Amino acid sequence: MEIRTVEKNGIKCAVISDNKKVITDAQTALDVLISAKYEAGTQNVVINKRLIAEDFFILSTGLAGEILQKYINYGGRIAVYGDFSRYTSKPLKDFIYESNRGKDVFFAADEEDAVNMLTR
C-alpha cells in the first residue's frame with residue numbers, strides 16, 4: 001500500500017493506492033486509517049472503490065456499517081471515489097446520498113472530488 005499526502009485548504013488527506021484490495025474487512029480498514037495517521041499525519045483517507053471489497057457496496061452484508069463505525073469511533077474520515085453508476089440498489093444510492101450530506105463519509109466521482117469533499 002502506498003500513501004501520498006495531499007494538502008488543500010490547510011487540511012491533509014492520505015490518498016491510498018495499491019494494485020490489490022486493501023480494505024477487505026473492518027480490521028484492514030482500521031489498518032489503513034492507522035497507516036494514514038502515522039505516515040501522512042492525517043485521519044482523512046481518500047481511496048478508490050476498486051481497493052475496497054465488493055461486499056462493502058452490498059449493504060445487507062453489514063461490512064460498510066462496520067467499517068464506517070470504526071472510522072467514526074477513531075476520528076477518521078473517508079472519501080471513496082469511483083464509478084458508482086453500476087449499482088442499482090436503492091438503499092445504497094440513498095446511503096451514498098445521505099453520506100455526502102454529512103461530514104465524515106463521502107462518495108465522489110474521482111480523486112479530486114474526494115479530496116475536495118474532505119477539505120471543504
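Strand 4 and strand 5 run parallel and are joined by four bridges. They belong to an open five-strand sheet with the order 1-2-3-4-5 and mixed pairing. What you're looking at is a predicted model, where local features need pLDDT of at least 70, side-chain atom pairs count only at pLDDT 80 or more, and totals for chains, interfaces and linings use all residues. Residues are numbered from 1 along each chain as its sequence is written, and side-chain values use heavy atoms, with hydrogens and water left out.

A quick word on terms: helices (H or I, at least four residues) and strands (E, at least two) are DSSP runs, numbered from the N terminus. Two strands pair if DSSP finds at least two bridges between them.

- Strand 1 (2-8) and strand 5 (105-108) are the edge strands, each pairing on one side only.
- From one strand to the next, the twist averages 25 degrees (axes are lines fitted to C-alpha atoms, for helices over the stretch in contact, and angles run from 0 to 180 degrees between N-to-C directions).
- Strand 1 pairs with strand 2 (residues 11-17) in the antiparallel sense, over seven bridges; here Val6 has Cys13 of strand 2 as its bridge partner.
- Strand 2 and strand 3 pair in the parallel sense over three bridges, and Ile16 has Ile47 of strand 3 as its bridge partner.
- Strand 3 and strand 4 (residues 77-81) also run parallel, joined by five bridges. Asn44 stands opposite Arg77 in strand 4, while Asn48 has Tyr81 as its bridge partner.
- On to strand 5: Tyr81 stands opposite Ala108 there.

**What's tucked away in the strands**

- Five of the five residues of strand 3 are buried, so the rest of the structure largely encloses this strand (buried means under 20% relative accessible area, exposed over 50%, partly exposed in between, with a 1.4 Å probe and protein chains only).
- In a regular strand, side chains alternate between the two faces of the sheet.
- Strand 3 is covered on both faces, with Asn44, Val46 and Asn48 buried on one side and Val45 and Ile47 on the other.
- Strand 4 is covered on both faces too: Arg77, Ala79 and Tyr81 are buried on one side, Ile78 and Val80 on the other.

**Helix 1**

- Helix 1 (residues 26-40) packs on the sheet and touches strand 1, strand 2 and strand 3 (44-48); contact means heavy atoms within 4.5 Å.
- The direction of helix 1 makes about 65 degrees with that of strand 1.
- Among the buried residues of helix 1 are Leu30, Val32 and Leu33, and the buried set packs against strand 1, strand 2, strand 3 and helix 2.

**Helix 2**

- Which residues of helix 2 are buried? They are Leu63, Ala64, Ile67, Leu68 and Tyr71.
- Seen down the axis of helix 2, these buried residues fall within an arc of 115 degrees, so they line one face of the helix (the arc is that of the directions from the helix axis to the C-beta atoms).
- Those residues pack against helix 1, strand 3, strand 4, helix 3 (90-100) and strand 5.
- Gly75 follows helix 2 and has a positive phi, near 80 degrees.

**How the chain crosses over**

- Strand 2, helix 1 and strand 3 form a right-handed β-α-β unit (right-handed if, with the strands pointing away from the viewer, the path from the first strand over the helix to the second runs clockwise).
- The chain then goes from strand 3 through helix 2 (residues 63-73) to strand 4 in a right-handed β-α-β crossover.
- Strand 4, helix 3 and strand 5 also make a right-handed β-α-β unit.
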